[in-house]
Amino acid sequence: MPGKAARLTASLAGAWHALVARLPVPPARLLRQVAGMPDYAAFVEHLRRCHPERTVPSERDYFDAFLRARYGDGPSRCC
Amino acid sequence: MPQKLAWFVLAAAGAGAWGVLALHRGETISAAWLVLAAVGTYLVAYRFYSRFLAERVFELNDRRATPAERLANGRDFVPTSRWVLFGHHFAAIAGAGPLVGPVLAAQFGYLPGTIWIVFGVVLAGAVQDFIILFGSMRRDGKSLGQMAKEETGPVTGLLAMVAVLAIMVILLAVLALVVVNALKDSPWGVFTILCTIPIALLMGFWMKVWRPGRTIEASLGGVALLMLALVGGRHVAESPTLAPWFTHSGLTIAYGMIAYGFLASVLPVWMLLCPRDYLSTFMKIGTILLLALGILLLLPPLKMPAVTPFIDGSGPVFAGKLFPFAFITIACGAISGFHALVASGTTPKMLTRESDARLIGYGGMLMESFVAVMAMCAAAVLDPGVYFAMNAPLATLGGSAESAAEVIRTWGFSLAPGQMDALAAAVGEKTLLARTGGAPSLAVGMAQIFSGAFGQGLMALWYHFAIMFEALFILTTVDTGTRVGRFMLQELAGHLWAPLGRTSWYPSIVFASALVVAGWGYFLVQGVLDPLGGINSLWPLFGISNQLLAAVALCVGTTILIKAGKARYAWITLLPLAWVLVVTLTAGWQKVFADDPRLGFLAHAAVTAEQIAAGAMDPERGARLIFNDRLDAAVAVVFMVVTLLVVLASAREWVLVLTRRKPAVVKESPFVETAYAG
């Protein structure tokens, strides 16, 4: 019965959208923040809002600076 | 009113589950009772005790801007949604510690360990994480060492730093040993783990060179490749031409890991370290969720007795009585000094509101404790005979399945003929005898739970999945730990000769990395060569060092409370501090001075000397064993002395403040009103 499969897909998609809508942040940003990954879009947003006078670095430069800050000093995880 | 009723019902359910655990000793019961008792206790403690800490003791104030808000830079100071930060903080504190410790402590039965895991976390571990997170949040995200220096003086700060470095060396050695014991003579495991290195390199080049910053793409691809490597491992293990290439002795694997640790510390982070970090974070969160789901779906029966006769100190897995060694063996699940480094690292820079610290500091540690309870369940679902055959040293068991069955029968447990061989064949290994270190037992337990819950017949795949997951994040700890140790050593060495302190000067990088690797590598090789399996002597040393670091953190916490004029609440850190000190100093003393050669390092050295004199031991080998015993004893003494010095320096500070000879002023950052809408 193709109708049943289509309905199931539609309801799964609906459930997924409802879940995403309830997340505190969009799924990609959520993954980034949980794993401690760099978030270029958020950084650009921050620069535009708080430091409009500064030039926006390229994604490559941002990534390099991020790694230096993240792994530059001190332990960040446990045994 | 209905809310109060709900809390009453919850408390009653938790208490009832503890009652079931208490009354059904000697019978097989479901893991459900363990889970229910733990979760009930956590929820009640979170609702009442952590609220008391947050509102009365710390007076968390949502009108006060957090460092993430005041210093926002879009990089490390980023206001983050509380549940997302909860996940991030949890991924940073959870590691091999809470998984391995409970598995080893299962030699006392499941009950003593579980009681310590649950009540230890509620009254000690979660309090430590919470107060350090709170202190660091009020000080712009300063580290534990910096806080110790500012609140108690430069000498304490330096001592704390030396303690952290020494602990790191022992930690890395013992975790590396866990991996060695899981991978020796296992071509499947070695192949899968070796594959993680090219996978990480590929991810690194993807994120850095080919598609800069696309970390999610790279990680998803990396996880997919990892699964391929896992499946491919089976074909390697079954191929008569390929298998010998990946079958290695413990010693070869140990030297391989030492070389890997050095490379990871010297190479740029983007190449190896950062991609592995992402890979292991996703694997960790995914697997722990899967394990929770498996236990809840299956609710397996616990076959281990609640309490075994080994509480008298005669246990084969590690020596020593229930007190103090159950509390040393289970370090991370109940209280872990290492968390103080994380709670004063990245997390305080990401809190959006002060009140979020309660969920993340206290709640995050409760979650870690729950992981430890699940590890205990996974060890207790094994037949006790199988558990002891896997965890007792080879020297005790004799070389064959028959001799092992005989030895285990004398301990009062049974092992059916052929049971160990059948199990080894089912998980795709040649033998599972004497695989000390906890990782293989946990993997067999997890494989039983997973294959029971998600489909029979995949035992071998699940076993190697579990081994891969443990080895993956232990290796991540090894490379990040070596690197962190390198930075600390460079900072210390910079006091002696300034150029050595320049963290980006290549000769200094190579020198400091080699020194750190040589440090933990020495203890690792010593552990591999140890006739008793190494875990026996190294794991207690690790437990002692981790708990002593907790003592340092609790001292800093107490100082913060007293200087903030909250001396009447200082018991919240002083009571756990007293307990941790009693436990660790007793354990440390026994490890050094006990008369039993299985327990005391010095007694073991004396026995070895007698054996040499009697001609029963090769003098060269004996001399090495004696040296190692004395070294282990010296390390334990150094840990104890450094910690006592920190405690004394802190106590002096408390007395000065309480007798008003020193002003009660904390070095908090000044209050700034938040700009967020209330």
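Student: Which residues of helix α5 (residues 97–105) of chain B are buried?
Tutor: This is a predicted model, and what follows is computed from its coordinates. Helix α5 (residues 97–105) of chain B is mostly covered, since nine of its nine residues are buried. Named along the helix, the buried residues of α5(B) are Gly97(B), Pro98(B), Leu99(B), Val100(B), Gly101(B), Pro102(B), Val103(B), Leu104(B) and Ala105(B).

Student: Which element gives the largest share of the side of chain B that touches chain A?
Tutor: In the contact between the chains, 43 residues of chain B meet 35 residues of chain A. On the side of chain B that touches chain A, two or more residues each come from α4 (82–93), α8 (154–183), α10 (215–238), α12 (273–298), α14 (338–343) and α21 (459–496) of chain B. The largest share of that side, seven residues, is given by α4(B).

Student: Turning to chain A, what covers the buried residues of α2(A)?
Tutor: Chain A has four helices and zero strands, and 24% of its 79 residues count as buried. Within helix α2 (residues 27–35) of chain A, the buried residues are Leu31(A), Arg32(A), Gln33(A), Val34(A) and Ala35(A), and the helix is followed by Gly36(A), whose phi is positive, near 70°. The cover over the buried residues of α2(A) includes α4, α10 and α12 of chain B.

Student: Which element gives the most residues to the largest nonpolar core?
Tutor: That core holds 238 residues, of which Ile170(B), Ala173(B), Ala176(B), Val179(B), Cys377(B), Ala379(B) and Ala389(B) touch the most other members. With 20 residues, the element that gives the most to this core is α8(B).

Student: Which residues is Val179(B) in contact with, leaving aside its neighbours within four places in sequence?
Tutor: Val179(B) is one of the residues that touch the most other members of the largest nonpolar core. Once its neighbours within four places in sequence are left aside, the contacts of Val179(B) are Met257(B), Ala471(B), Ile474(B) and Leu475(B).

Student: Is Met283(B) buried or exposed?
Tutor: Met283(B) is found in helix α12 of chain B, and beyond residues up to four places away in sequence it touches Phe469(B) and Leu472(B). A residue needs 20 or more other C-beta atoms within 10 Å to count as buried. Because Met283(B) has 22 other C-beta atoms within 10 Å, Met283(B) is buried.

Student: How are α12(B) and α15(B) oriented to each other?
Tutor: The axes of α12(B) and helix α15 (residues 356–380) of chain B come within 11 Å and cross at roughly 55°, and the crossing is left-handed. In this contact Ile288(B), Leu291(B), Ala292(B) and Ile295(B) of α12(B) meet Val371(B), Met374(B) and Cys377(B) of α15(B), a set of seven nonpolar, no polar and no charged residues. Given the angle, α12(B) and α15(B) are therefore oblique to each other.

Student: And how is α13(B) oriented to α24(B)?
Tutor: Helix α13 (residues 322–329) of chain B packs with helix α24 (residues 571–593) of chain B at an angle of about 105°, the axes being 9 Å apart. That angle makes α13(B), relative to α24(B), roughly perpendicular.

Student: Which peptide bond is cis, with omega near 5°?
Tutor: Pro324(B) lies in helix α13 of chain B, and Pro324(B) is also one of the residues of α13(B) that meet α24(B). The cis peptide bond, with omega near 5°, is the one from Phe323(B) to Pro324(B).

Student: Finally, is Arg660(B) buried or exposed?
Tutor: Arg660(B) has its place in the segment after α26 (619–658) of chain B, and its phi is near 60°, a positive value in a residue other than glycine. Because Arg660(B) has 8 other C-beta atoms within 10 Å, Arg660(B) is exposed.

Notes: Residues numbered from 1 in each chain as written. Chains lettered and ligands numbered in written order. Predicted model: local features only at pLDDT ≥ 70, side-chain atom pairs only at ≥ 80, totals over all residues. Contact = placed C-beta atoms within 7 Å. Core = buried A, V, L, I, M, F, W, Y, C linked by C-beta atoms within 7 Å. Buried ≥ 20, exposed ≤ 12 C-beta atoms within 10 Å, placed from the backbone. Axes fitted to C-alpha atoms, helices over the stretch in contact; angles between N-to-C directions. Parallel < 35°, antiparallel > 145°, perpendicular 65-115°, else oblique. Left-handed = near helix turned anticlockwise from the far one by under 90°. Nonpolar A, V, L, I, M, F, W, Y, C, P; charged D, E, K, R; others polar.
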